Structure formats: C-alpha cells, structure tokens
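The following report describes selected local features of one structure, moving from side-chain packing to the strands and helices and then to charged pairs.

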Amino acid sequence: MSTQRTVIVGGTSGIGLATAEKLVVSGHDVTIAGRSAERLEHATKRLNGKARAVAMDAADPASAKSAFAAIGAFDHLVLALGGNVGAGPFATIDLADARRPFEDKVFAQFATAQAALPFLAKDGSLTFVSAVSGQAAMPGTAALGAANAAIAALAPILAAELKLCGSTPSRRG
C-alpha cells in the first residue's frame, strides 16, 4: 500500500494543525498550507519537519491554483479554514463583520476545493471543517453560524455531484 498524500489548508493552527499531527504519526505524507510564513514555519517545527509547508491564500483563487500546481497530485484534502471575525450580537454587528465568515470560510473553502480537483485522486476525499455554531443556537454567533451551516450544506451537495460525475469534473472524458 502506498503512502497517502494529504493536503491540509488551514493547517497551521487549531483543528488543521491537530489533524496534521495525527496524520504525520499515522504515516501520511502531509502538506500544510496557510497564508502566514511565520505560522507555516512554527507549524512545521511543531511537526518536527515531517510535513511540507506551502504558502497559499485560500481566499485568492489564483493563489490556490498556483499552490496546488506546486503540490501536485494528492489523495486527501482537508479544508480547515476560518477566521476570528463575525461574532457579536445580531442587533449591533456590523454588516462587514457579518460578511467576513463567508469570505474567510465559505467562499475560501469553495474556491480551494475547486482549485484542488484537478490534483485530487479519483478515489480521494474532501473534508470540509465547519463548526458547532452551524447547528447550535448560541447567542452572538448569527453570522458565524450561518457560514458554518453553509459549509455543512455544501458538503453533501458536492459529494452527490462528484459521485454523479464519476470523478472530478476535470477528469471526465
């Protein structure tokens, strides 16, 4: 059995970094991607140099396409993207702050998954990370919850679409 190649976008902290740690221990060939060179360096050190680091701004489709071209073929993609803006009371949250979780998480995961398809193995996997705020009625999380619910809705739709295609759209013949 060959080594599984996994790319984790948002792999420099939180769930993404914890996932990278588990996969490295399990013998996966791991590549972490993120925007910050400093955070990539810190994460690589935490992973004892056992993961490759690639700069990628997931909110920028051109950056994602370029990064995946540099990474090449892989088996699994984990999208652990998010930001820390978008919480606050519904009555007073600024609309720009309410839009941020959609830009930082929903649209970034959408665009990154699109950019990854040509490099993802036919029998590979896409994992979208959302959050409990998409299902729980927690005051102060209307924007975050709506964005996470959007991710939760996207995953089964995309699974059905890619299954229907028989492979990634770029590989149809």
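## Aromatic packing and burial

Phenylalanine 74 counts as buried, since its relative accessibility is 3%, where buried means under 20% relative accessible area, exposed means over 50% and partly exposed lies in between, computed with a 1.4 Å probe on protein chains only. This is a predicted model, in which local features need pLDDT of at least 70 and side-chain atom pairs count only at pLDDT 80 or more, whereas totals for chains, interfaces and linings use all residues. Residues are numbered from 1 along each chain as its sequence is written, and side-chain values use heavy atoms, with hydrogens and water left out.

A search of the whole structure finds one aromatic pair, a pair being rings of Phe, Tyr or Trp (its six-membered ring) whose centres lie within 6.5 Å, with planes under 30 degrees apart called stacked, over 60 edge-to-face and the rest tilted. The pair joins phenylalanine 68 and phenylalanine 74, and because the ring centres are 5.7 Å apart and the planes meet at 25°, it is stacked. Phenylalanine 68 is likewise buried, at 0% relative accessibility.

Helices (H or I, at least four residues) and strands (E, at least two) are DSSP runs, numbered from the N terminus. Strand 2 covers residues 29-34 and includes threonine 31, which is buried with a relative accessible area of 2%. Leaving aside neighbours within four places in sequence, threonine 31 is in contact (heavy atoms within 4.5 Å) with Arg5, Thr6, Val7, Ile8, Arg52, Val54 and Ile71. The C-alpha atoms of threonine 31 and isoleucine 8 are 6.2 Å apart, although 23 residues separate the two in sequence.

Strand 2 pairs with strand 3 (residues 51-55) in the parallel sense over five bridges, where pairing requires that DSSP finds at least two bridges between the strands. Within this pairing, alanine 55 in strand 3 stands opposite glycine 34. Together with helix 2 (residues 37-46), the two strands make a right-handed β-α-β unit; right-handed here means that, with the strands pointing away from the viewer, the path from the first strand over the helix to the second runs clockwise.

Which residues of helix 2 are buried? They are Leu40, Ala43 and Thr44, and they lie on the same side of helix 2 because they cover an arc of only 100° around the axis, the arc being that of the directions from the helix axis to the C-beta atoms. The cover over these buried residues includes helix 1 (14-25), strand 2 and strand 3. On the face of helix 2 turned away from the buried side are the exposed residues Glu38 and Lys45. Asparagine 48, which follows helix 2, has a positive phi near 55°.

Threonine 12, in the loop between strand 1 (5-9) and helix 1, is buried with a relative accessible area of 12%. Not counting residues up to four places away in sequence, threonine 12 touches Leu17, Gly34, Arg39, Leu40 and Ala43.

## Salt bridges

The whole structure holds four salt bridges, each defined as a side-chain nitrogen of Lys or Arg within 4 Å of a carboxyl oxygen of Asp or Glu. Three of them are set out here.

| Residue pair | Closest N and O atoms |
|---|---|
| Glutamate 21 and arginine 46 | 2.6 Å |
| Lysine 45 and glutamate 41 | 3.3 Å |
| Arginine 100 and aspartate 104 | 3.3 Å |

Glutamate 21 forms its salt bridge with arginine 46, and this pair links distant parts of the chain, with glutamate 21 in helix 1 and arginine 46 in helix 2, 25 residues apart. Glutamate 21 is partly exposed at a relative accessible area of 25%, and arginine 46 is partly exposed at 47%.

Lysine 45 and glutamate 41 both lie in helix 2, four residues apart, or about one turn of the helix; lysine 45 is exposed at 57%, whereas glutamate 41 is partly exposed at 47%. Arginine 100 and aspartate 104 are separated by about one helical turn because they are four residues apart in helix 4. Of these two, arginine 100 is partly exposed, with a relative accessibility of 37%, while aspartate 104 is buried, with a relative accessible area of 15%.
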